[in-house]
Amino acid sequence: MRSSSATLPTLSIPQMQRRVPARKGRVRRHALGLLLVAGLFTLAGCAGTPSTPSRYVLPAAGDVTPVTGVSTSTLVVQPVAISSYLDQEGIVMQLSDIELNSANQNLWADSLGSQLTRNLRQTLTQALPQTLVLGAGSGSDARLSVEVDRFQGRYDGQAVVSGEWQLREGNRVVRQVPFNITRPLTADGYPALVRTLGEAWEAVGERIASELAHPSGRASP
C-alpha cells in the first residue's frame, strides 16, 4: 500500500511562502500538516491491529505423593540453567538443522528456567518418596544441578529436550550424565508442542530419579 505522502508537492515550505500571500501560506502549511497526519493514519491502518499473544505453562508433573515417615536423605535441586537462546518469552521452534525461530505470538507465561526447576522438583518428590527434595539455599551435602541446551519443537514433528545433570557432594562431582529425549507431537500447534515438551521433561526427571535411586545401575530407558 502506497503512502498518501507520495502525492505531496515537491516544493519546500520556504518556496511556497514566497509564491503565496502570508495568509494563504499558513493555510497551505496547515493543509500539508493534515495530509501528513492522514498519511500516517493510513499507514497504521495498513499494518493492522496485532493479535493478543497466547501464553503457555508446562503441564504439572503427575500427582505428587506426599512424603510420609522419616526421610533417609535430602537432595537440593539447584535452579535449572538453560541456554541463552531459550531464555526468552518466545517458544522456540527449530526450522532446519541450523535455523531456530522464537515465536512472537506464542510465549511462556513464566520464565522457562523457573518452570523447569519447579516441575523437576515435583517429579523427583514423587519418584523418590524417601528423599526430602529441597530448593536452592537449603543445607545439604547432595546437590543436583541440571543444564538444558535444547528445549524446542523440531521441523520433523518432534519435541526435543537435551542437556546434562550433575550430582555433587560437597565440592566433588559424583555423577555426571547427559540426556537426550525426543517425543513425537500428537497434533499440530503450540498447545500440543508444550504438552509434549512437558512429558519429555518429566521423563528426564524420572531418569534422574532412577539414577539416584540405583547409583550402581543404569537409568531406565
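The protein chain exposes about 13200 Å², of which carbon and sulfur atoms supply 52%, with accessible areas taken from the Shrake-Rupley method with a 1.4 Å probe and, for residues, only the protein chains shown counting as cover. This is a predicted model, in which local features need pLDDT of at least 70 and side-chain atom pairs count only at pLDDT 80 or more, while totals for chains, interfaces and linings use all residues. Residues are numbered from 1 along each chain as its sequence is written, and side-chain values use heavy atoms, leaving out hydrogens and water.

**Overall fold**
- The protein chain has 4 helices and 9 strands, which are DSSP runs numbered from the N terminus (helices are H or I, at least four residues; strands are E, at least two).
- From the N terminus on, the order of the elements is α-α-β-β-β-β-β-α-β-β-β-β-α.
- Of the 221 residues in the protein chain, 33% are buried (under 20% relative accessible area, where exposed is over 50% and partly exposed lies in between, with a 1.4 Å probe and protein chains only).
- Among contacts (heavy atoms within 4.5 Å) with a separation of 6 or more, 67% are between residues 24 or more positions apart.

**Thr117**
- Thr117 is found in helix 3, which covers residues 112-127, and Thr117 is buried, with a relative accessible area of 14%.
- Leaving aside neighbours within four places in sequence, Thr117 is in contact with Gln78, Pro79 and Val80.
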